[in-house]
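Hi,

Here is the structure I promised to pass on.

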Amino acid sequence: MKEALSLVQRLSAHPDSRCWFVCWSPSGTLLASCGGDKAVRIWGREGDSWVCKSVLQDGHQRTVRKVAWSPCGNYLASASFDATTCIWKKKNDDFESLTVLEGHENEVKCVAWAPSGNLLATCSRDKSVWVWEVDEEDEYECVTVMNSHTQDVKHVAWHPTQELLASASYDNNICIYKEEDDDWERKATLQGHTSTVWSLSFDAAGQRLASCSDDRTVKIWKEYPNESGQAGDLSWKCICTLSGYHGRAVYDVAWCRLTGALATASGDDAVRVFKEDETADPDQPVFSVAAQVTKAHNQDVNCVAWNPKEAGLLASCSDDGDIAIWRFQEED
């Protein structure tokens with residue numbers, strides 16, 4: 001069995017600009033993209049091709065770095081270098097700006113919704129991670145500010161089922177947070193990368209976390225009961241490092257919740273898909289390249305995202321302003 005990545009379509013998403021991030025809606029029917037042109041675009045399928053359904057403009061004064069869908073699919077959050085996070089509400093086929101979250105001192109680098117949809121996390125170059133609570137009236141309130149990193153925080157990611165939050169930073173570290181008695185606390189610091197950690201992705205069960213870095217590696221971390229036996233404290237250990245595959249920084253990693261395939265986006269312009277050896281010891285996993293496209297884009301690949309409903313459908317985006325839609329499949 002040989003696997004292949006075949007191009008389905010290439011979209012000029014943010015022309016004359018960078019496309020920073022792509023994110024599939026929970027239903028897998030829409031793809032949101034954002035870029036240096038300060039806009040968010042929503043893409044949908046028409047027949048066999050993907051087309052732009054709407055453009056969300058005037059929400060931000062500067063680059064939009066990341067976008068995130070709420071678990072219900074009715075809201076979209078956009079994080080911008082203008083230090084704000086915009087919340088958009090889906091109205092029929094369009095989106096309207098609902099509210100703007102302010103408070104970070106400078107660039108907001110990432111935004112992510114908790115699986116419940118009641119919490120939102122943001123992180124910034126101001127070194128902080130904020131958690132916001134959402135009520136039934138669509139009112140957002142900051143419930144905590146965590147200053148566990150010593151540098152720019154690049155990414156936040158929620159556990160797929162629990163209210164457990166992970167953040168990645170320019171300080172080379174990953175922090176894990178959990179709420180204890182109405183107070184958010186750092187529960188673990190994962191050290192091992194030797195340069196900026198750009199992105200994080202939990203596996204479907206949330207027992208393992210993949211991280212990618214400027215050090216050109218991907219690391220797989222697994223949660224273990226703490227040896228001291230204290231309840232509540234988490235011990236995450238690095239159980240695998242993928243090195244030697246990427247020619248430059250690894251900017252994104254995405255763990256497919258349907259197939260377990262791991263995709264990466266790199267500064268070497270390539271998109272790669274790794275598969276795990278099913279026969280290996282789960283505490284010492286073995287990953288190998290199942291497919292790769294060396295010139296997936298003309299410039300740095302910033303993001304990879306697996307469709308949550310359609311196995312093998314992968315989106316990537318690049319500094320060249322394009323989005324590429326790929327199909328990862330096993331060939332007989």
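A quick definition before the notes: buried stands for under 20% relative accessible area, exposed for over 50%, and partly exposed for anything in between, using a 1.4 Å probe and protein chains only. Also, this is a predicted model, so local features need pLDDT of at least 70 and side-chain atom pairs count only at pLDDT 80 or more, while totals for chains, interfaces and linings use all residues. Residues are numbered from 1 along each chain as its sequence is written, and side-chain values use heavy atoms, with hydrogens and water left out.

Backbone first. R216 has a relative accessibility of 43%, so it counts as partly exposed. Its phi is near 75 degrees, a positive value in a residue other than glycine. You'll find R216 in the loop between β19 (208–213) and β20 (218–225); strands here are DSSP runs of E with at least two residues, numbered from the N terminus. K38 also has a positive phi without being a glycine, near 70 degrees. K38 sits in the loop between β3 (30–35) and β4 (40–46), and 41% relative accessibility makes K38 partly exposed.

Now the rings. A search of the whole structure turns up eleven aromatic pairs. Rings of Phe, Tyr and Trp (its six-membered ring) pair if their centres lie within 6.5 Å; planes under 30 degrees apart are stacked, over 60 edge-to-face, and the rest tilted. One of the pairs is W24 with W50: centres 5.3 Å apart and planes at 70 degrees, so edge-to-face. W24 is in strand β2 (residues 19–24) and W50 in strand β5 (residues 49–56), so this pair ties together parts that are 26 residues apart in sequence. W24 and W50 are both buried.

W69 and F95 are edge-to-face too, because their centres are 5.8 Å apart and their planes at 65 degrees. W69 belongs to strand β6 (residues 64–69) and F95 to strand β9, so parts 26 residues apart in sequence are tied together here. W69 is buried at 7% relative accessibility, and F95 is buried at 9%. There is also an aromatic cluster made of Y75, W113 and Y140.

Last, S97, found in strand β9 (residues 94–101). S97 is partly exposed at 42%. Leaving aside residues up to four places away in sequence, S97 touches C86, I87 and W88, where contact means heavy atoms within 4.5 Å. The C-alpha atoms of S97 and G59 are separated by 7.1 Å, with the two residues 38 apart along the chain.

Cheers

How values were computed. Helices (H or I, at least four residues) and strands (E, at least two) are DSSP runs, numbered from the N terminus.
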